[in-house]
Amino acid sequence: MDFKKMTLCVLMMQVNTAMSVQYEGPSVDCGLRLYFTNVTWYSAYKLCEEENMELLIPDSDMLTFKPVLRGRIATRLSSLTDNTGSNLRVWIGALLRISSNESMDSRCKPLNVDLHLDEQSQPQEDVLCLSFKYSTTEIHAESCSNNRAFVCYNPRLEKETNCTMTSNSTMLNDSDPYVLCEDGVVPNFFASFKKDNTSMSYRFQAAENCSILYPEFTEIRHESTFVYLPHPPIYNPDKALSKWCPEPLGNPNSIPVIDSGCITTVMKKP
């Protein structure tokens, strides 16, 4: 089952199923992980690869893909107490070659998508990377060296019944500006800890606003659909991203035109 169909099933289950505050329970929503971590497009690609996942490739049905992705990101943002959605953009596994006006996914398959081109990204670079703007569901083409959050995907994990993982606490809790903070008893959380026979909820919060940190342990068991890395590794491509995909054969009479932040194609006159 592909990303779109599986996600629609997830949304239907969420409407008809009472959600438990415990980790355990049937779920088919474990395959997509939001990394609330600002890195370059290539670093995002490599971080996903290291976790046996893939930088999320857009679905061919963009009309469905965009609102569904927004909904899944919204669910994952419940691991934060602060409202960050208005400015959030996430890298997705797709590129734009300006010279040929060709959009493609990271597997070099053609992609049909309406794009918004960031003004500061032109015309210095021939290849731009695509990001998804959470607040508007727009797909933007921008410099691949910009730092963004990102989403990884592995369809095999959709069948997991327990969306949890274990991480070293220094990767999650020894951080700035966000720390893992006690948030009372709430249904949506990143991690929990039993305190005086009560399971307390913990979510990421601005460090200056946190009163009680998550207890100091070597490891933290937490939701696997959200990860915050305060000090992510940096990866540099071994070749220019313009060489990522072979040069297209294309139509030699087709040229890209940038107008009002969007990209269209016109034909050269003979």
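The model is predicted, so to speak of local features a pLDDT of at least 70 is needed, and side-chain atom pairs count only at pLDDT 80 or more, while totals for chains, interfaces and linings use all residues. Numbering runs from 1 along each chain as its sequence is written, and side-chain values use heavy atoms, with hydrogens and water left out.

**Exercise 1.** Work out how the rings of Tyr35 and Phe150 are arranged.

Solution. Start with the rule: rings of Phe, Tyr and Trp (its six-membered ring) pair if their centres lie within 6.5 Å; planes under 30 degrees apart are stacked, over 60 edge-to-face, the rest tilted. Here the centres are 4.6 Å apart and the planes at 5 degrees, so Tyr35 and Phe150 are stacked.

**Exercise 2.** Now classify the pair Trp41 and Trp244.

Solution. Their centres sit 5.2 Å apart with planes at 80 degrees, so this one is edge-to-face. Trp41 is in helix 2 and Trp244 in the loop between strand 14 and strand 15, so the pair ties together parts 203 residues apart in sequence.

**Exercise 3.** Find what lies over the face of Tyr134.

Solution. Look for NZ of Lys or CZ of Arg within 6 Å of the ring centre and within 35 degrees of the ring normal. Arg70 is over that face, 4.4 Å from the ring centre.

Notes
Helices (H or I, at least four residues) and strands (E, at least two) are DSSP runs, numbered from the N terminus.
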